[in-house]
Amino acid sequence: MQINIGCFYFIKDSFFDIIDDSELMQNKENGNKRPCYYCFKSKTYDDIIWFIPVSTKIEKYQKIYNYKIQKQIKLGKKPSIDTIVFGNVANTYSVFLIQNMFPVTKKYVESQYIKNKVAIRLSNKLQTEVIYKANKVLNLYNHGMKNIIFPNVDKILEQLLSNNN
């Protein structure tokens, strides 16, 4: 399967069976494919694609976002949140959970998110914002701020790369 960077995909259940991380947002049952994930290419590894979960639980994540803003204000900082981004996906206001992103190899990509026979894409502005913030968060993670991303990215990468998954 060709993976088009900047599009949305679903992950195979087998990924979650092999990668045992309680912080990963698991696939939902009851016949619905969700969550869908926004993807972008790794700058470091050719075979790795980063996947950012996308949710429509705006109220839940707006509260978390607001809490983070207030916490930064109390610390005397100019508020800047890079781990949660809001925007429209297929005419639905959604939230990109950069704090929950994780690496995947092509082997575990199930299918592309298609609506009305068209691949779902982002506006250029939103795509630029999401990828910029995701790379910024990854940079912080790689420089020791391990709690900025909930899944254990190092362990997942090690597992994917060592097992040629």
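A residue is called buried when its relative accessible area is under 20%, exposed when that area is over 50%, and partly exposed in between (1.4 Å probe, protein chains only). At 15% relative accessibility, Phe86 therefore counts as buried.

The model in the viewer is predicted: local features need pLDDT of at least 70, side-chain atom pairs count only at pLDDT 80 or more, and totals for chains, interfaces and linings use all residues. Residues are numbered from 1 along each chain as its sequence is written, and side-chain values use heavy atoms, with hydrogens and water left out.

**Stop 1**

Helices (H or I, at least four residues) and strands (E, at least two) are DSSP runs, numbered from the N terminus. Two strands pair if DSSP finds at least two bridges between them.

Select residues 84–89, which form strand β4, together with β5; the two pair in the antiparallel sense over 6 bridges. Within this pairing, Gly87 stands opposite Ser94 in β5.

Asn91 has a positive phi of about 65° although it is not a glycine, and at 80% relative accessibility Asn91 counts as exposed.

**Stop 2**

Select Ser94, whose place is in strand β5. Is Ser94 buried or exposed? Its relative accessible area is 3%, so Ser94 is buried. A polar contact is a pair of N or O atoms within 3.5 Å; within protein, one must be able to donate a hydrogen and the other to accept it, and residues adjacent in sequence count only if both atoms are side-chain atoms. A polar atom of the Ser94 side chain lies 3.0 Å from the backbone oxygen of Thr92. Contact means heavy atoms within 4.5 Å. Not counting residues up to four places away in sequence, Ser94 touches several residues, among them Val54, Ser55, Val85, Phe86 and Gly87.

Move to Ser55, found in strand β3. Ser55 is buried, with a relative accessible area of 9%. A polar atom of its side chain lies 3.0 Å from the backbone nitrogen of Lys57. Leaving aside neighbours within four places in sequence, Ser55 is in contact with Tyr61, Ser94, Val95 and Leu97.

**Stop 3: aromatic rings**

Rings of Phe, Tyr and Trp (its six-membered ring) pair if their centres lie within 6.5 Å; planes under 30 degrees apart count as stacked, over 60 as edge-to-face and the rest as tilted. How many aromatic pairs does the structure hold? The structure holds 12 aromatic pairs. Select Tyr37 and Phe102: their ring centres are 5.3 Å apart and their planes stand at 85°, so the pair is edge-to-face. Tyr37 lies in strand β2 and Phe102 in strand β6 (residues 102–104), so the pair ties together parts that are 65 residues apart in sequence. Tyr37 counts as buried at 0% relative accessibility, and Phe102 is buried with a relative accessible area of 0%.

Now select Tyr65 and Phe86, an edge-to-face pair with 5.5 Å from centre to centre and 80° between the planes. This pair links distant parts of the chain: Tyr65 in helix α2 (residues 58–74) and Phe86 in strand β4, 21 residues apart. At 23% relative accessibility, Tyr65 counts as partly exposed.

**Stop 4: helix α3**

Select residues 124–142, helix α3, which has 19 residues. From its first C-alpha to its last, α3 reaches 27 Å, close to the 27 Å expected at 1.5 Å a residue. The expected span of a helix is 1.5 Å times one less than its number of residues. The buried residues of α3 include Leu126, Val130, Leu138 and Tyr141. What covers the buried residues of α3 includes β2 (36–41), β3, β4, β5 and α4 (153–162). Just after α3, Gly144 takes a positive phi of about 105°.

A charge sits over a ring if NZ of Lys or CZ of Arg is within 6 Å of the ring centre and within 35 degrees of the ring normal. Select Lys146 with Tyr141: Lys146 lies over the face of Tyr141, at 4.1 Å from the ring centre.
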